[in-house]
Amino acid sequence: MHNFKRALATLLVLVLAALVLFFVLENQQAVQLMLFGWSAPAMPVAVPVLAALVAGLAVGPLLGAYSVQRSKRNIRASARDAALNDQK
């Protein structure tokens with residue numbers, strides 16, 4: 001069973017890599033991005049799209065972890081307040 005899971009994970013990674021490679025090869029048109037008057041050098045359209053994907057994959061879990069920590073802190077504070085009110 002462990003070998004099956006490993007083979008399935010490997011297959012998934014290979015399919016994902018193939019999809020990314022296909023995307024990059026199909027999107028070779030040069031684009032020049034502008035932001036607040038600053039213009040980036042011309043690059044294939046796949047580069048900024050993949051950069052946005054990687055940034056989202058990094059920021060998403062960080063925001064999720066922050067949300068979980070904040071919720072845990074609020075739950076602990078509520079439990080502490082309830083315990084203090086029960087003692088009075």
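These are my notebook entries on the predicted model shown above.

**Ground rules.** I'm working with a predicted model, where local features need pLDDT of at least 70, side-chain atom pairs count only at pLDDT 80 or more, and totals for chains, interfaces and linings use all residues. Residues are numbered from 1 along each chain as its sequence is written, and side-chain values use heavy atoms, with hydrogens and water left out.

**Fold.** I looked up the secondary structure and got two helices and four strands. Both kinds are DSSP runs numbered from the N terminus: helices are H or I with at least four residues, strands are E with at least two. Read from the N terminus, the order is α-β-β-β-β-α.

**Overall shape.** How does the chain's radius of gyration stand against that of a compact globule of 88 residues? The chain has 23 Å, while the globule would be near 12 Å. I took the radius over C-alpha atoms, and the globule rule is 2.2 Å times the number of residues to the power 0.38. Along the principal axes, the C-alpha atoms fill a box of roughly 70 × 55 × 10 Å.

**Surface.** The areas are Shrake-Rupley with a 1.4 Å probe, and for residues only the protein chains shown count as cover. Buried residues come to 5% of the 88. My cut-offs on relative accessible area: buried is under 20%, exposed is over 50%, partly exposed is in between.

**Nonpolar patch.** Which residues form a nonpolar patch on the surface? I list Met1, Phe4, Leu8, Leu11, Val15 and Leu19, with about 670 Å² of accessible area together. Patch members need over 30% relative accessible area and no salt bridge; nonpolar side chains (Val, Leu, Ile, Met, Phe, Trp, Tyr) are joined within 5 Å, like charges within 9 Å. A salt bridge here is a side-chain nitrogen of Lys or Arg within 4 Å of a carboxyl oxygen of Asp or Glu. Val15 sits in helix 1 (residues 2-26) and is partly exposed at 43%.

**Positive patch.** Arg70, Lys72, Arg73, Arg76 and Arg80 gather in a patch of positive charge on the surface. Lys and Arg count as positive, Asp and Glu as negative, and His and the chain ends are not counted. I place each charge at NZ of Lys, CZ of Arg, CG of Asp or CD of Glu. Arg73 belongs to helix 2 (residues 46-87) and is partly exposed at 48%.

**Loops.** Most residues other than glycine have a negative phi. I find Phe36 in the loop between strand 2 (34-35) and strand 3 (38-39), exposed at 81%. Pro41 lies in the loop between strand 3 and strand 4 (43-44), and at 57% Pro41 also counts as exposed.

**Distances.** Pro41 and Ala30 are eleven residues apart in sequence and 9.5 Å apart in space, C-alpha to C-alpha.

Key: Buried < 20%, exposed > 50% of the residue type's maximum accessible area, 1.4 Å probe, protein only.
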